[in-house]
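Please look over the model shown below.

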Amino acid sequence: MPSPLRIAFLGCGFITRVHSRNLRRFKTQIVCGYASRDKAKADSVCGEYRGNGAYSDYADAINDPNVDAVVIAVPPSFHLNLTLQALAAGKHVLVEKPAFLSLADYRAALAARDEAGAVVLVGENDHYKPLAVRLRRLLAADAVGEMVFAHFVTIARRLKREDDWRNDESMAGGDAFFEEGIHWLHVAGSLGPRIVEIHGYRPSVSREGPDRRAKSMMVAFRYDNDAVGALYYSREIPSLFRGLRWSKLFGRKGVITFESNGLFVFVRGRGLPRLVFPGFRDIRGYRAMYRDFVRSIRDRRQPEMSLERAIEDQQLMEQVYARIGQPA
């Protein structure tokens with residue numbers, strides 16, 4: 001059995017805890033260390049998740065010869081610098097999404113990755129979640145025939161606190177859609193057909209309350225198979241059970257209806273209607289993402305969510321904001 005992959009988390013906030021909970025099933029494959037600018041916080045998180053070391057500085061973790069890879073889990077404005085430092089030190093990198101703020105940043109990371117001969121996985125867990133995998137398989141199997149419309153809905157009222165770093169666009173890289181909606185944009189563009197044209201439409205922005213960001217966006221797009229679609233994103237509109245919502249893929253021979261979080265998929269097309277449960281154990285895809293990361297390092301290949309794939313998403317995101325229908 002190969003030695004465990006030794007990773008260090010750079011940042012000990014909410015998302016590091018999410019990753020760490022999902023890594024509990026990788027006891028023999030991955031061991032974790034934790035780095036924070038607050039050593040007490042690193043010690044606390046390390047103890048909570050039974051890590052193998054805590055660091056008081058990101059550089060200490062990056063330069064530790066016992067660390068094979070780092071997970072960059074800090075605000076996006078810091079991602080590029082830490083990625084370049086880690087690659088220069090010969091580490092593999094998993095960088096949370098949005099990975100970088102511009103195409104130029106992605107290209108800099110790509111050049112550094114190739115020079116280092118390392119693996120870089122962009123942390124798009126939605127790419128790996130059972131819902132996305134099942135939808136890709138259904139479309140590939142022609143379950144509803146030629147696609148005509150795609151309708152994605154992700155609406156919930158989830159306001160951030162006043163002191164949340166996401167209220168600072170210089171740290172987050174942009175508004176709520178840039179910082180989180182990119183996950184849903186990736187799902188829309190990763191089902192088989194590729195998005196080739198896209199426009200963004202932003203409603204009026206409410207600056208009331210502690211969450212001052214623009215929190216809603218609608219994007220309309222055309223696929224390379226000439227199907228058209230729309231994505232409705234909001235983090236300020238109340239929804240059923242604080243997040244339950246429906247999305248649909250319309251084909252000329254049927255319709256796929258799915259709960260946007262991945263609870264179920266209902267297929268009405270060829271044959272009898274089917275109710276499918278994609279999977280609950282790894283409903284958000286984190287474990288599958290880490291399996292890909294480990295295998296990519298072992299096999300010396302780039303992962304499914306490579307920098308090249310993430311660049312496609314960034315290109316779409318930049319088109320959304322370049323063609324936005326209404327400014328803030």
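Phe9 has Val71 in β4 as its bridge partner. This is a predicted model, in which local features need pLDDT of at least 70, side-chain atom pairs count only at pLDDT 80 or more, and totals for chains, interfaces and linings use all residues. Residues are numbered from 1 along each chain as its sequence is written, and side-chain values use heavy atoms, without hydrogens or water.

**Sheet**
- β1 (residues 5–10) pairs with β4 (residues 69–72) in the parallel sense over 4 bridges; pairing requires at least two DSSP bridges between two strands.
- The open sheet has 6 strands in the order β3-β2-β1-β4-β5-β6, with parallel pairing.
- Its edge strands, β3 (54–55) and β6 (120–123), each pair on one side only.
- Strands are DSSP runs of E with at least two residues, helices are runs of H or I with at least four, and both are numbered from the N terminus.

**Helix on the sheet**
- Helix α4 (residues 79–88) lies across β1, β4, β5 (92–96) and β6.
- α4 runs at about 170 degrees to β5 (angles run from 0 to 180 degrees between N-to-C directions of axes fitted to C-alpha atoms, for helices over the stretch in contact, with contact meaning heavy atoms within 4.5 Å).

**Cavity**
- The structure holds 1 cavity of 30 Å³ or more (a set of points on a 1 Å grid over the protein atoms alone where a 1.4 Å probe fits but cannot get out).
- The largest cavity has a volume of about 40 Å³, taken as the space filled by probe spheres set on the points, which are joined across faces, edges and corners.
- Its lining residues (an atom within 4 Å of a point) include Lys129, Phe152, Trp184 and Ser260.
- β7 (147–155) and α8 (176–189) each supply at least two residues of this lining.

Notes:
1 Å grid on protein atoms, 1.4 Å probe; cavity = no way out; pocket = protein on both sides within 12 Å on 5 of 7 lines; lining within 4 Å.
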